[in-house]
Amino acid sequence: MNVAAVVALVVTQQTDTTVPVRAGMRLDVENFGGEIVVRAWNQNSVRVQATHSSRDRIDVSAERTTVNVRAESRRGLAQMVEYQITAPTWMPLNLHGVSTDIEVDGTQAAITAETVQGELKVRGGSGQLSLKSVQGAVKLQNAKGHIDVYSVNEGLTLENVNGDISAETVSGDVTLQGIESANVEVNTVSGDVHYDGTIKDGGHYRFATHNGDVTLAVPERANVTVSVATFNGDFDSCFPVSVTTTTKHRFSFTIGSGSARLELETFNGDIKLCRPGQLHDKHHDDQEDN
Amino acid sequence: MELTTPGVATLSRDPDEPARGAGDAETADVALAASGDGRAFERLYRAHVARVHSLARRMIGFDVADDVTQDVFVRAWTKLGTFRGEAAFGTWLHRLAINVILARRTSLGTERGRYHDGADVLDAVPSRPVVNDLSLDFQEAIGRLPDGAREVFVLHDLEGYKHEEIASMLGIVPGTSKSQLHHARMTLRKHLDR
Amino acid sequence: MTRDQWTDRLSEYLDGDLGIAERAALEAHVASCPACEAILAELRRVVARAQAIDDQPPTTDLWPAIAQQIGVSSGGEPHGVVSLAARRARRRLSFTVPQLAAAAAVLLLLGSGGAYLTLQRGTSPVPPLPAPIAGARTGRGPTTTLVGWEKTRAKYDVAVAELESALEQGRKSGRLDSATVRVLDQSLVTIDSAIVQARRALAADPGSVYLNQHLADTMRRKLELLRRASAFAPART
């Protein structure tokens, strides 16, 4: 974020406020430009350190259920603030920005984070996790719960994540690595989709793109019914599969008992299945055929 | 497992774009066509049909050239959204046309036995040239070449591709491409316009 | 090397594919072999003759057949210079592909989570689409309401238009900067292009369950983007 430089041109000011909190409260931060960085600690208080213009005032108010953090400007113009916030690990976070990077580290609670222009990076989190950015990549690591990640024109990366996952972007790759889940839905219009994680019995997995490849690591002992659909692409598997039903543009096959359901779709790209660990060695050398 | 047409190698070459006064107007037409404008696509068709049809005629024969050309443009319409403007539209279309032609040739079941690897190529072709009617004109003579030799000759001497590119398109080794080309030229020299 | 073996290398020589040593050896041989020299001259003429061949158009105009296959009028459609937004609007309005409409009636449920379309062909319903995976969030219910294609399209168009206008408000309010507006525009173009591709594929192959579902999904994606984008736009006042 290059906002820091802009802030430095006007007279900058530091604010450092700590408020006590009790269980059941949540943290709610809104910022226009700059960044919101939240780290977790084991104290029942929220510390807000902010770097901002001297024209702005940082307002930290603890109400019954919520700690609200806002910047107020005398002129009512857009504020640019860099927040460094430390909050209890148990405290749910509600973070909103416009031109704002958002970073969270170490939280063990629910997180809602939305920004229009900026990156979202979250390590930790549990429960409802909703991360959305229009222009900016979203990365989530070491989290568990119900996960909903969305971006418009950047990629989505999930690593070591446990729980139900919904990931959607318009233009960007979606990479899911080290996933433990029985319910995954991934959609992108223009981007590749990569999944390396569990295929659990009875689970549901859907990976769909319009312009992009879908690559998937299928564990050795998976029991899954796979449905593959592509209009302009090829299907390739590192291990033998025997196709059971075929219709135009779509076919399916079963691995093991077939109890999980896996849907793979790409309109213009290729679909590739391998075993875990094989995908990195076997890079697609196929090029676009036109 | 192959679900659709065989993937065809990417070509590094950018054949000279014919001077069609294309430039910006063509770029605009491509964008319009990609958004569903039939008239813009018709202009693209008019500008490029001769090249596509000629390629089809030479590669796969007069009988199916019309059909293949239609197929190329229908596919181009469907795939226009994947054209990212990295190459000229004509280049993209040309590659698409080659893919369609090669896929068609496969589906016609004519791909078998067309190449003779190694140095034996001249021995392997009939000692009596396939093209032995000296009254044939040069272009007809091209059409009468054995499939493999004709394809290599067209791609190399008419379309300007390199042996490595041709080899990867046709799934042969560059040495085969070279020997097929030589065979074709040796045959065709008997049909130079007198 | 026999004369034939030398002859075999003549094309490579012509194409500049020989190494320096081979080239020198071949030139020396040709200088002493009139027959080889004659062949070389002929091969040169073959190459020159090939390069002189002009492209010829087909003897019959193939455009009407192509136009019919891709579902556009062979007379073309009039157009002038139009803005991106107008093009999007036009695309939206021209959404009915005649073949598609004739072949398929698409059902649309505009739910809280987005649109869910399914397909009915002719008078007999096709087998139900695979139910969407019980997604983490999508809110796509298993129930669908049967409506005609025209009604579906009208609903979809209304929803898209409403959202586009909400987004426009966000733009005007200045809360979305030009870079974001551009990104949203590009993303809409990306989705529109996917929709156009899916429609074209479907026009050629109306029976494909995958294509029907894919088109529906992509349309839903557009609504979803507009819905989210317009929600982002007035986020702050």
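Modeller: Strand 8 (residues 111–117) of chain A pairs with strand 10 of chain A in the parallel sense over 6 bridges, strands being DSSP runs of E with at least two residues, numbered from the N terminus. This is a predicted model, in which local features need pLDDT of at least 70 and side-chain atom pairs count only at pLDDT 80 or more, whereas totals for chains, interfaces and linings use all residues. Residues are numbered from 1 along each chain as its sequence is written, and chains are lettered from A and ligands numbered from 1 in the order in which they are written.

Colleague: What makes strand 10 and strand 11 of chain A a pair?

Modeller: Two strands pair if DSSP finds at least two bridges between them, and strand 10 of chain A and strand 11 (residues 138–151) of chain A have 8, in the parallel sense. S126(A) stands opposite K144(A) in strand 11 of chain A.

Colleague: Why is strand 10 of chain A called largely enclosed?

Modeller: A residue is buried if 20 or more other C-beta atoms, placed from the backbone, lie within 10 Å of its own; 7 of the 10 residues of strand 10 (residues 126–135) of chain A are buried, so the rest of the structure largely encloses this strand.

Colleague: Why are helix 8 and helix 9 of chain B called roughly perpendicular?

Modeller: Helix 8 (residues 163–170) of chain B packs against helix 9 of chain B at an angle of about 105 degrees, with their axes 8 Å apart. Angles of 65 to 115 degrees count as roughly perpendicular, and therefore the two helices of chain B are described that way.

How values were computed
A residue is buried if 20 or more other C-beta atoms lie within 10 Å of its own, exposed if 12 or fewer, and partly exposed in between; C-beta atoms are placed from the backbone. Helices (H or I, at least four residues) and strands (E, at least two) are DSSP runs, numbered from the N terminus. Axes are lines fitted to C-alpha atoms, for helices over the stretch in contact, and angles run from 0 to 180 degrees between N-to-C directions. Angles under 35 degrees count as roughly parallel, over 145 as roughly antiparallel, 65 to 115 as roughly perpendicular and the rest as oblique.
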